[in-house]
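Biologist: Hello! Could you help me learn to read a structure, one feature at a time?

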Amino acid sequence: MNENQWEATKIPLIALRGLTVFPQMLLHFDVGRDKSKKALEAAMKTNQSVFLVAQKDLRVDDPKPTDLYKIGTVSKIKQMLKLPGGGIRILVEGQDRGRVLDYLQFEPFIEVMVQPIPPAESKAGEEKTVPLLRLVRDLFEEYARLGNQVDPQHVMEVLSNDDPGYVADYIAQNIQIDAKDKQSILDELRPVKRLEKVAFLLTKETEILSAEIEIQQKVRERLDKNQKEYVLREQLSAIRAELGEKEDTFEEAETYASKIRALKLPQETEEKLLKEAARLSRLGPNSAETGLLRTYLDTVLDLPWNKRTKDRLDLSKVEKSLNADHYGMQKIKERILEFIAVKALSPDVKNQILCLVGPPGVGKTSVGMSIAKAMGRKIARVSLGGVRDEADIRGHRKTYIGAMPGRIMTALSQAGAKNAVLLLDEVDKLGADYKGDPSAALLEVLDAEQNHSFRDHYIEVPFDLSEVLFITTANTTDTIPRPLLDRMEVIELSSYTMEEKVQIAKRHLLPKQIKLHGMKRTQLRITDDGLRAIIEGYTREPGVRTLERMLAACCRKAARKIAAGEAEKVSVTPDNVTEFLGNRRYKPEHLDKTHRVGVVNGLAWTQSGGEILEAEVNIMPGSGKLELTGNLGSVMQESARAAISYLRAHAKTLGISETFYKEVDIHVHFPEGAIPKDGPSAGITIATAILSALSNRPVRYDVAMTGEITLRGRVLPIGGLKEKTMAAYRAGIKDVIIPADNEPDLQDIDQTVRQALSFKPVSTIGEVFDIALLPAPAEEEKEIPQEEPEQKELAVPAASDPIPAESRKPLCCRGTSKEELGM
């Protein structure tokens, strides 16, 4: 170049995408943009010089000054060839580095004022340059050996040149590195620093190439192994075909193995199942064990290892769904809403195990179904009633003929989701025999701290049950082992009140039965009074199962009338209910509205609800014998003896003979002797009846009572208060005497019952006597010998007529100790 070569000059600019041209290097590329073509034309008309500069973003089609780097290369066009389609291929030679001083024009092409940059002097013999050159040459040779993309002539060129600046530019031009890294080398004007950058980039690229080669080698070895196995399997298949063995266990085992790997199971589980699949591949199709292995692998792979349903965590929608399915049951609904609220705030919280306890027919199972529906989860039901074998829970070991997984794993397979709802029905009716105790096996299943790695004997690998929502049902907690009960949160579902049954019948039972019997809602109408008549006269249960059967009977009668053309619409009222259901099965509970001596209204709890249970006492001259009849259990017999002891200790205070226990026999009787009765809640009833008979003081007919008595006269708390008060409400009782410790339980009683009854909390038996006993009537004049004045106090009242039995349901005066008040 002439002596003015370092002066600033105007020159056309071509923006390069993904390319960098270095000084003294030849490079060819294609030009397609209109501005670049016009810049070439302008350069060819002058001195064939063009300024090549890389753009920062390859996606920009019309770059602006901010899109281009400042330093580029002043280049000479050596060759230009027009291509089909309008493109141009050019060969350029880099001359010098240049810096853009100003942009002179942008149309029809970009023209810039460029200041050429003279090359910095480099001293090849410097102390630092020689080892650096040697290192770069070695790295470039290694790069060329690994990459197989560098021409040997390029390597010779580098080895034969000692100019550090030229070597750096030459290597940067001929290796595959990022455009930004090439631009950083072009921007570096100091030759030695430029060479250091190249050394760093070569080291990095060499390591990457080594890793790529190692990976390719491993992949090639694996492919070779797979190819070899494929060939061997094909040969073995041909041999088996010749032998007449058409089944190919190798292909089947490989299918199982691929399914196992696709599940992404924990390492322990995956290794175990792959081992079983490998065993299958080694067995012949006629082996007896082949079928067992297939069954095992199919069973394990059917489990929902990674399948989950999305929880519905919208509280308003869940509450609406629960209210649509069930009337009342506020306690259980609130508990489920609380669980969902916590789940929404903390998705990883452990599930609680709920135990729904209540009498038959109150909707325990249907509540569990409704919970799953409201939460959007799948559900599976497991009936545990009568289960006596531990293997039903944990599964059978594979060594046994007919082995199968336990009911828990089977239910999960049926549900098809890892976070399903499992409804364990009748958990209170588990048995036990020489084969084991299934309730003990449930200890692990229903323990949130342990069930994350539950091992079924048949499955043999741990399965995570922590995401399962377990809901158990029971009629009573008495038969549930304490360790198992401790793992569950007990929620009581008590008997339905009259109004609750009416609402359930109107909203759920009657529409369901009308639909099942093929009628329309307008064709059968049962009035509210008609429903009450059905409930009072034809059902005596805590739930609504019998009520539903009675409604079904009404639907059948109505359907017959409609089908026969006798009526278009049928209405059931209290007046015509006997036409549909026949005579009343149960008479209404009416009180004998007379104050009687020795007869007390007690309150009893049964599994079918509450009952009025009268205690009758007769006294007669004798030697102090105590006769207890009515099929009483040991607890009630002890209550009677405790009452006698209290009355003896306080005879003077109570105004009765202090020697009555020597001079009269006492007979305590509870009617319906064929029905067993027991429980610690009849103490105050028996004591009041005995005192009434001894003192001749009548007992108020409108008072009922429940509570246990101690020798010191304290009144102990009882259970089943809601059911007992319902019985008092049905019978028309006015005052109900309850233990003072049960006063907080009044909040759980139906509001209608609370308003109709007057509750009298008592702490001592003396308070019971004050409420229930009336003053003795004026005594008639009697001729009694003076020498036997004590006989005057021992007038024996006439025995009361027995009350006819109105129900033949099992009765028990249900009570609990203080430790059991949580029921």
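Biologist: What percentage of the 823 residues of the chain count as buried?

Modeller: Buried means under 20% relative accessible area, exposed over 50%, and partly exposed in between, with a 1.4 Å probe and protein chains only. Here, 48% of the 823 residues count as buried. This is a predicted model, where local features need pLDDT of at least 70 and side-chain atom pairs count only at pLDDT 80 or more, while totals for chains, interfaces and linings use all residues. Residues are numbered from 1 along each chain as its sequence is written, and side-chain values use heavy atoms, leaving out hydrogens and water.

Biologist: How many helices and strands are in the chain?

Modeller: Both are DSSP runs numbered from the N terminus: helices are H or I with at least four residues, strands E with at least two. This chain has 27 helices and 24 strands.

Biologist: What radius of gyration does the chain have?

Modeller: That radius is taken over C-alpha atoms, and the globule rule is 2.2 Å times the number of residues to the power 0.38. A compact globule of 823 residues would come near 28 Å, but this chain has 48 Å. Its C-alpha trace spans about 165 × 75 × 75 Å along the principal axes.

Biologist: Why is helix H25 largely enclosed by the rest of the structure?

Modeller: Helix H25 covers residues 721-731, and nine of its 11 residues are buried, so the rest of the structure largely encloses it. Among the buried ones are Leu721, Met726 and Ala731.

Biologist: Which residue follows H25?

Modeller: Gly732 does, with a positive phi near 85 degrees.
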